[in-house]
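Open the model in your viewer and keep the selection tool at hand. The stops below say what to select next and what is there.

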Amino acid sequence: MATTAKFWNKLSAAQALKTVPRVVSSGQGAHLEIEGKSYLNFCSSHYLGFAEEPRLKQAAQAAIEKYGMGTGYRTLAGTHALHVELEREIAHFKGTEAAVCFSSAYAANASAVQTIMDKDDIVVSDQLNHASIIDAVRVAGVRNKFAYAHSDMSDLESKLAAASELQKKPKPNGEHPLILIITDGVFSMDGDLAPLPKIVELAKKYDALTMVDDAHGEGVLGKGGRGLVNHFGLEGEVDIEIGSLSKAFSVMGGFIAAKQPLIDCYLMGARQRLFSIALTIPDTAALLEAVTMLGESEHLVQKLWGNVDYLRKGFTDLGFDIGHSETPIIPVMLRDEDLARSFSAKLFEEGVFASAICFPMVPKGTARVRVIVSASFSKEDCDAGLAAFKKVSQELSG
Ligand SMILES: *Cc1c(COP(=O)(O)O)cnc(C)c1O
């Protein structure tokens with residue numbers, strides 16, 4: 001059989017395993033409408049309720065009236081005054097010298113690594129890092145890769161010792177390879193934090209650069225949602241910070257925040273920026289409004305944490321094991337894969353949308369239903385969610 005025919009046959013066979021995502025016909029607030037019915041939204045990372053925030057909508061509408069829709073390629077005529085303002089405000093918010101935006105955090109991660117590392121440099125990466133970091137290291141073509149056991153600082157140190165040995169051998173151009181340590185800020189399956197103070201300390205000891213992907217930390221951790229680096233009081237100590245504008249910011253896009261010379265290097269060399277489109281006018285205007293709101297008041301971040309405390313206590317009082325989360329990501333541990341799947345399905349029947357997370361996303365025997373908390377939940381929403389978990393738990397054990 002021809003190779004192309006085999007390819008098409010293989011695709012047809014795989015269709016049996018096809019899963020179709022649920023189609024949402026409302027905005028992304030505390031409730032989602034799916035096939036005409038309303039569900040409590042326990043599974044989106046819209047931590048602050050910005051997806052339906054009137055001020056963001058108004059900012060986007062006003063900007064569309066004034067400037068239209070699209071922008072263009074940043075290095076040609078696509079750099080709009082709104083982009084420049086957004087980047088300045090993000091840097092100010094993060095407490096870094098400068099920032100540069102991309103159309104996603106996926107692209108920001110790829111740029112962050114690819115622009116400064118070549119195949120003879122060295123990456124030391126947490127084993128549980130997000131797929132976009134794994135792909136970033138791949139696209140950079142880095143051959144010297146070390147993965148350390150999740151948040152295990154003695155393993156990180158032994159990997160750094162090995163990296164140091166490797167660093168002694170110069171690259172073909174005579175320079176010694178750079179060592180870059182990369183970690184997620186918040187790990188999205190368990191909601192635990194990277195031990196950043198220790199990582200920074202080890203980076204200094206072994207002469208390595210540091211990169212933190214704070215996609216789930218921005219808008220959530222630190223003073224007024226400034227993120228993980230602020231949470232640990234480490235401003236100026238982390239070389240590269242990645243942020244997503246699609247999680248707490250509820251729009252789309254990503255950024256790199258860093259010292260000015262490094263941002264200049266990305267401005268000139270990042271292929272994901274040179275050869276891919278910039279954020280649109282409404283996205284940029286809405287994001288600018290979101291950063292402004294976070295700068296004005298800590299109210300939303302406090303509301304989020306009030307809901308986190310309330311739900312954590314609620315789940316614990318009901319006897320659920322909620323792991324060791326330190327963030328609004330609450331893993332309700334069920335362990336058994338089938339149980340987690342039927343639990344999620346029954347919750348859906350009760351009007352609660354919360355995903356089952358099973359192998360291979362998490363190790364076998366650690367299946368869970370993951371709840372993501374938002375500032376947009378009212379107390380009644382939280383109570384309704386807890387009541388549904390209680391009911392389903394009784395049904396499934398009875
Ligand atoms: C969601 C996520 C990303 C990707 O963000 P996008 O802006 O959607 O591309 C990257 N890193 C981490 C840790 C994430 O959770």
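Select Phe7, Trp8 and Leu11: together they form a nonpolar patch on the surface, with about 330 Å² of accessible area. Keep in mind throughout that this is a predicted model. Is Leu11 buried, partly exposed or exposed? Its relative accessible area is 38%, so Leu11 counts as partly exposed.

The shell has 14 residues, and the closest are Ala105, Tyr106, Asp213, Ser244 and Lys247. By class, three of the shell residues are nonpolar, eight are polar and three are charged. Which helix gives the largest share of the shell? Helix H4 (residues 105–114) does, with three residues.

Stay with the ligand and look at individual atoms. Select Asp213: a polar atom of its side chain lies 2.5 Å from a nitrogen atom of the ligand. Then select His216, where a side-chain N or O atom is 3.0 Å from an oxygen atom of the ligand. For Ser246, the distance from a side-chain N or O atom to an oxygen atom of the ligand is 3.3 Å. On its own the ligand has 390 Å² of accessible area, and the protein covers 85% of that.

Turn now to the salt bridges, of which the structure holds 24. Select Glu218 and Lys94, whose closest N and O atoms are 2.4 Å apart in a salt bridge. Glu218 is in the loop between strand S9 (209–213) and helix H8 (228–231), while Lys94 is in helix H3 (residues 81–94), so the pair ties together parts that are 124 residues apart in sequence. Both residues are buried.

Another pair to select is Asp121 and Lys171, which meet in a salt bridge at 3.0 Å, N to O. Asp121 lies in the loop between H4 and strand S4 (122–126), and Lys171 in the loop between helix H6 (153–167) and strand S6 (179–184); the two are 50 residues apart, and the pair links distant parts of the chain. Asp121 and Lys171 are both buried.

For the last stop, select Asp317 and Lys313 in helix H12 (residues 299–317). Their salt bridge has its closest N and O atoms 2.8 Å apart. The two residues are four apart in the helix, which means a separation of about one helical turn. Are Asp317 and Lys313 buried or exposed? Both are exposed.

Terms used: Residues are numbered from 1 along each chain as its sequence is written. This is a predicted model: local features need pLDDT of at least 70, side-chain atom pairs count only at pLDDT 80 or more; totals for chains, interfaces and linings use all residues. Side-chain values use heavy atoms; hydrogens and water are left out. A residue is near a molecule or strand if one of its heavy atoms lies within 4 Å of it. A polar contact is a pair of N or O atoms within 3.5 Å; within protein, one must be able to donate a hydrogen and the other to accept it, and residues adjacent in sequence count only if both atoms are side-chain atoms. Accessible areas come from the Shrake-Rupley method with a 1.4 Å probe; for residues, only the protein chains shown count as cover. Ala, Val, Leu, Ile, Met, Phe, Trp, Tyr, Cys and Pro count as nonpolar, Asp, Glu, Lys and Arg as charged, and the others, Gly among them, as polar. Patches are made of residues with over 30% relative accessible area and no salt bridge: like charges are joined within 9 Å, nonpolar side chains (Val, Leu, Ile, Met, Phe, Trp, Tyr) within 5 Å. A salt bridge is a side-chain nitrogen of Lys or Arg within 4 Å of a carboxyl oxygen of Asp or Glu. Buried means under 20% relative accessible area, exposed over 50%, partly exposed in between (1.4 Å probe, protein chains only).
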